[in-house]
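This report goes through one structure part by part. The sequence and the model come first, and the notes follow.

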Amino acid sequence: MASSEIRRYTLDLRGVQSVADIHAAARLAFDFPAYYGCNWDAMWDCLYDLGRGPMEVEILGYREAAAALGTDIVPFLIVLGEFRQRRGAKICYR
């Protein structure tokens with residue numbers, strides 16, 4: 001893969017009703033390893049391990065997931081914000 005090639009990921013949150021559902025969707029979208037611990041620290045570690053270089057993450061169903069989860073979605077947003085800031089990933093909420 002050329003260093004300028006953009007890696008694209010789609011995180012589908014449509015139908016998410018729980019934090020466990022977010023972790024399951026993230027595991028699929030980012031192809032997290034089998035040892036992924038399904039907690040926010042593990043999510044950060046696995047996202048960070050995706051490496052450097054141009055990345056785009058499209059998040060589908062964000063509004064519906066936020067409505068279903070209320071404040072339980074906040075740690076997820078913090079992890080994504082850190083990922084965007086530290087790795088330069090472009091994140092699009094749909």
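## Leu 50 and the basis of the model

Leu 50 counts as buried because its relative accessibility is 17%; buried means under 20% relative accessible area, exposed over 50%, and partly exposed in between, with a 1.4 Å probe and protein chains only. Its place is the loop between α2 and β2. Helices (H or I, at least four residues) and strands (E, at least two) are DSSP runs, numbered from the N terminus.

The model is predicted: local features need pLDDT of at least 70, and side-chain atom pairs count only at pLDDT 80 or more, while totals for chains, interfaces and linings use all residues. Residues are numbered from 1 along each chain as its sequence is written, and side-chain values use heavy atoms, with hydrogens and water left out.

When neighbours within four places in sequence are set aside, Leu 50 is in contact with Arg 7, Tyr 9, Phe 30, Met 55 and Phe 83. Contact here means heavy atoms within 4.5 Å. Arg 7 is 43 residues away from Leu 50 in sequence, and their C-alpha atoms are 9.8 Å apart in space.

## The largest nonpolar core

A nonpolar core is a set of buried Ala, Val, Leu, Ile, Met, Phe, Trp, Tyr and Cys residues joined through side-chain atoms within 4.5 Å. The largest one has 32 residues, and Phe 30, Met 43 and Phe 76 touch the most other members. At least two residues of this core come from each of β1 (7–12), α1, α2, β2 (55–60), α3 (62–69) and α4 (74–87). The element that gives the most is α2, with six residues.

Phe 30 is in contact with Tyr 9, Leu 11, Leu 47, Leu 50 and Val 57, leaving aside neighbours within four places in sequence.

## Helix α1 against helix α2

Two packed helices are described by the angle between their axes and the distance between the axes. Axes are lines fitted to C-alpha atoms, for helices over the stretch in contact, and angles run from 0 to 180 degrees between N-to-C directions. For α1 (residues 19–30) and α2 (residues 40–48), the angle is about 15° and the axes are 11 Å apart. The two helices are therefore roughly parallel to each other; angles under 35 degrees count as roughly parallel, over 145 as roughly antiparallel, 65 to 115 as roughly perpendicular and the rest as oblique.

The crossing of α1 past α2 is left-handed. A crossing is left-handed if the near helix is turned anticlockwise from the far one by less than a right angle, and right-handed if clockwise. On the α1 side the contact is made by Val 19, Ile 22, His 23, Ala 26 and Phe 30, and on the α2 side by Trp 40, Met 43 and Leu 47. By class there are seven nonpolar residues, one polar and no charged. Ala, Val, Leu, Ile, Met, Phe, Trp, Tyr, Cys and Pro count as nonpolar, Asp, Glu, Lys and Arg as charged, and the others, Gly among them, as polar.

## Helix α2 against helix α4

The axes of α2 and α4 come within 10 Å and cross at roughly 25°. These helices are therefore also roughly parallel to each other, and α2 passes α4 in a right-handed crossing. From α2 the contact takes in Trp 40, Met 43, Trp 44, Leu 47 and Tyr 48; from α4 it takes in Pro 75, Phe 76, Val 79, Glu 82, Phe 83, Arg 86 and Arg 87. Nine of the residues in this contact are nonpolar, none is polar and three are charged.

## The loop between α1 and α2

Asp 31 is in this loop. Its phi is near 55°, a positive value in a residue other than glycine, and Asp 31 is exposed, with a relative accessible area of 66%. Cys 38 is in the loop between α1 and α2 too, and has a positive phi of about 55° although it is not a glycine. Cys 38 is partly exposed, at 38% relative accessible area.

Tyr 35 also lies in the loop between α1 and α2 and is exposed, with a relative accessible area of 63%. Between Tyr 35 and Cys 46, 11 residues apart in sequence, the C-alpha to C-alpha distance is 9.9 Å.

Met 55 lies in strand β2 and is buried, with a relative accessible area of 2%. Not counting residues up to four places away in sequence, Met 55 touches Ile 6, Arg 7, Tyr 9, Leu 50, Phe 83, Gly 88, Ala 89 and Lys 90.

Cys 92 is in strand β3 (residues 90–93) and is buried at 18% relative accessible area. Its contacts, apart from neighbours within four places in sequence, are Val 57, Glu 58 and Ile 59.
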